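Reader: Could we go through the aromatic contacts in this one? Please show me the structure first.
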Amino acid sequence: MLIQLLRTSISSALPISTAALGASFTHMLGKLNIAVEGTMLWACFVSVYVADRLNSWLLGLLAALISSCILSLSVWSLHRYFRANIFVVGLGMNVLISGLVVLLSSTLLGSRGTIFFEKIPQLPVLRLSSSRSDGIDVLLSDYNVLELIAILAVLFSWIVVKTPFGLRMKAVGKNESVAKQLGVNVDTIAASSFILCGLYCGMAGSLLALPLGLFVSGMTNNRGWLALVAAVLGGDSPLGVFGVSLILGFAVALSHRLQLQTNVPSEIAFAVPMILTLLVALTYNVLTKARKRG
Amino acid sequence: MRSLRILSSIVTVAVAFGASVAILCLVSPEPRETLWWFFVGPFSNVYFFGNMLASSVPLIFTGLAACVAFSAGAFNLGLEGQYYFSAIVGTIAALNFSNATVSRFVALVVSASAGALLSFVPALLKVKFSFNELIGTYMVGQIFVYVGDYLLNGPFRDPSAAFSATRYLNENVRLTRILPPSSLHVGYLIGIMLCFLFYFLYRYSTLGYEFRTVRGNPRFAKIHGINVDKILLIAMSLSGALAALGGMIDVLGVHGRAVKGFSHGSGFIGIAASLLANNDPSLIFLSALFLAYLDSGAEIASLMVQTPPEIARFVQGIVLCMVTAQFFLERRELDADSTA
């Protein structure tokens, strides 16, 4: 029972953690990309739509990655070349995409509600065929290929931060002008970190939509915002970000379970991830504050 | 420089309109008809015009709320929850009184205090534990959106309604209509008055001066003997109370009861309204009107020709993306800024 819950927690945590890692790259740079929620939603739509039309989940994933990169880069370009406020652009991008996605789904697919795509090929799933059926087996088995890629992406981000590129990113975040005087090409670093953010958000969106093979305009359901919270709390450490995301994934899984198996009102169950996150964030904050004092 | 600024806003508006024309032509079966209703529709008769003004009222209040927080250098991302939840609580409280004046008074006071409380708590967390106020206000706001949904769907649902909503408030509790048959009500005038009141407060009062100093340079303000924490708490509570009043006035003026999802994202669009007005309280009713114009245009177009009303969100999004951008920036200025 508990193992099952843990297993679903990991699956719920993966989209959040990939998006959070994407956001944390821009957070390290000192320019948090608020558009994560919108970019994820966009990737959800593009991935299932393209996968359905071209009959290949891989092409769907690629299309989602590329188009999310473009979105992310345009947020950065508006900020860098036209001096727009990055926070406002991000907010605008979220609003724009929430409208655009419904527009597209109602004109291209003729429905504003839940759309099922039957033609999407099944994703390959990893099965461990050991004879034991104990906890570890349940915990390690049945990941689909996208989830495996997402796990690799988590490891990749951990490596990225250790490379000279990652260090430069942090340096730019700490003090842009000093970094510039030390010969760091600030624009290249910033653009690359926004490209990374786009890639990770695209991955997160595909991870939500492709395994289900359906699209609803509310399917990200605040996961992007939870990811931002994880990015802020995790700070500069990808493992920290991933750790916070795991807690959030647990909260999401718990909320689903509460809805299905208890008679807690569903509205309250929806709020559970938010409440848990707030409590975790608060405890963390109070504890670190106390440590600094004492 | 000034002419460049003006040119820049012209580009913003031109791009927004260009993009909306393009998307309207793409998605609509009869582009010319749709364009006509989208752009001219809100002015075509008294009913549509009044409704457009009425739909700007929530944005005036949430815009002012965002502006008050901004003007003390703080962010309030929880406007949506404050707007929605407080209006529901206010309505529920007002349903218990039969006297119109008392009921109206109770509604406004209860909702304003609920809204103030919802933003006061995250502000207090920031002051006491330096808890990031973006996260704090957003999370608390979202949680209470769900709690509001629960109240409407569970204990306070009107059993005879087809959807989640409270019972209707008395006809005489509602605000006076000023442009029948449209739903424009006196709340609009109150909103505009508040805009100017806040403009003068911000410009000429001591509190306004303290707000401006804290926003400009908190450390300087502290040395000057201004209680920075207190200013933050006041600004946030005021911001929450204003958002809540916006919700309550929308209920009293237009809906007559709290309906599930009646806020339609007014909290977030309010932030846009404030930024569009460059955080100047005296201009907020104009930026709110502009955003409401886009919204009503889309609604009328979807009513008259079959187009999805989400076009409004798309156009509002484009406006938001471009609103703080500065086109025709001088090369010199761009380079100077990136090294600074």
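Predicted model: local features only at pLDDT ≥ 70, side-chain atom pairs only at ≥ 80, totals over all residues.

Reader: Is F38(B) buried or exposed? And what about F39(B)?

Author: F38(B) is buried, at 2% relative accessibility. F39(B) also counts as buried, with a relative accessible area of 16%.

Reader: What is the geometry of the pair F196(B) and F285(B)?

Author: That pair is tilted, with 5.8 Å from centre to centre and 50 degrees between the planes. F196(B) belongs to helix α7 (residues 187-204) of chain B and F285(B) to helix α12 (residues 284-304) of chain B, so the pair ties together parts 89 residues apart in sequence.

Reader: Which accessibility class does F196(B) fall into? And F285(B)?

Author: F196(B) is partly exposed, its relative accessible area being 34%, whereas F285(B) is buried at 16%.

Reader: Turning to chain A, which residues do ring pairs link into a cluster?

Author: The cluster consists of W42(A), F45(A), Y49(A) and F215(A).

Reader: Next, charges over rings. Where does the charged end of R7(A) sit?

Author: The charged end of R7(A) sits over the ring of Y143(A), 3.9 Å from the ring centre. In chain B, R257(B) places its charged end over the ring of Y168(B), 4.1 Å from the centre of that ring.

Technical notes:
Residues numbered from 1 in each chain as written. Chains lettered and ligands numbered in written order. Heavy atoms only, no water. Buried < 20%, exposed > 50% of the residue type's maximum accessible area, 1.4 Å probe, protein only. Phe/Tyr/Trp six-rings, centres within 6.5 Å; stacked < 30°, edge-to-face > 60°. Helix = DSSP H or I, 4+ residues; strand = E, 2+ residues; numbered from the N terminus. Lys NZ or Arg CZ within 6 Å of the ring centre and 35° of its normal.
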